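Reader: Before I use any of these labels, I would like to see each value set against its cut-off. Please take them one by one.

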Amino acid sequence: MSNDSNDLMETTIVWPDVIPRSVSIRGTFAQDSQKWWQETIPLSRTSAEGSDRYSVVMHLKPGRYEFKFVIDEVDWQINSDMYECASDGSGNTNNVVTVTLSANPSGHVVISDDVSNMSQNYGKDSLTMAHT
């Protein structure tokens, strides 16, 4: 795969609760592994499918990303109801999202987040988008 913008997949990360004042994520999203967990990515409060939530749309290369939600700037949490979880080998449990490319029969490229429960809660369009 080349290193251009065509390799970036639109990926939505969601926190389903609007009670917190702020929600952000930190994780392994940076290209430089020395910057992993340093960048704070804020989620915006949104309404979708009749439900208020926090979300962010990111453009990620295919791969596996670990992350945690940061609630009200101090409380690091995972959401095991919506995302896969994995141990990082240092005793920490993180959420995981896997971004993949696959061609469907129509010839379009489908962007897929490996988040099985999210499609039940927020609809398939929250997870899979066509890229032409």
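**Values and cut-offs**

Author: The largest cavity has a volume of about 30 Å³. The model is predicted, with pLDDT of at least 70 needed for local features and 80 or more for side-chain atom pairs, while totals for chains, interfaces and linings use all residues. Residues are numbered from 1 along each chain as its sequence is written, and side-chain values use heavy atoms, leaving out hydrogens and water.

Reader: What makes it a cavity, and what does the volume stand for?

Author: On a 1 Å grid over the protein atoms alone, a cavity is a set of points where a 1.4 Å probe fits but cannot get out. Points are joined across faces, edges and corners, and the volume is the space filled by probe spheres set on them. The count is one cavity of 30 Å³ or more.

Reader: Which residues line the largest cavity, and how do they divide into nonpolar, polar and charged?

Author: The lining consists of G27, F29, A30, K35, W36, W37, E39 and I41; a lining residue has an atom within 4 Å of a point. Five are nonpolar, one is polar and two are charged. Here Ala, Val, Leu, Ile, Met, Phe, Trp, Tyr, Cys and Pro count as nonpolar, Asp, Glu, Lys and Arg as charged, and the others, Gly among them, as polar.

Reader: Why is V23 called buried?

Author: V23 has a relative accessible area of 2%. Buried means under 20%, exposed over 50%, and partly exposed in between, with a 1.4 Å probe and protein chains only. V23 is therefore buried. This residue lies in strand β2, a strand being a DSSP run of E with at least two residues.

Reader: Why is T28 also called buried, and where is its place?

Author: At 9% relative accessible area, T28 is under the cut-off and so is buried. T28 sits in the loop between β2 (23–27) and β3 (41–42). Its side chain reaches the backbone nitrogen of E66 at 2.8 Å.

Reader: How do you know that β1 and β5 pair?

Author: Two strands pair if DSSP finds at least two bridges between them. Seven bridges join β1 to β5 (residues 51–60), so the pair qualifies, and the two run antiparallel. W15 stands opposite Y54 in β5.

Reader: What makes β1 and β4 edge strands?

Author: The open sheet has three strands in the order β1-β5-β4, with antiparallel pairing. β1 (9–15) and β4 (44–48) each pair on one side only.

Methods
On a 1 Å grid over the protein atoms alone, a cavity is a set of points where a 1.4 Å probe fits but cannot get out, and a pocket is an open set with protein on both sides within 12 Å along at least five of seven lines; lining residues have an atom within 4 Å of a point. Helices (H or I, at least four residues) and strands (E, at least two) are DSSP runs, numbered from the N terminus. A polar contact is a pair of N or O atoms within 3.5 Å; within protein, one must be able to donate a hydrogen and the other to accept it, and residues adjacent in sequence count only if both atoms are side-chain atoms.
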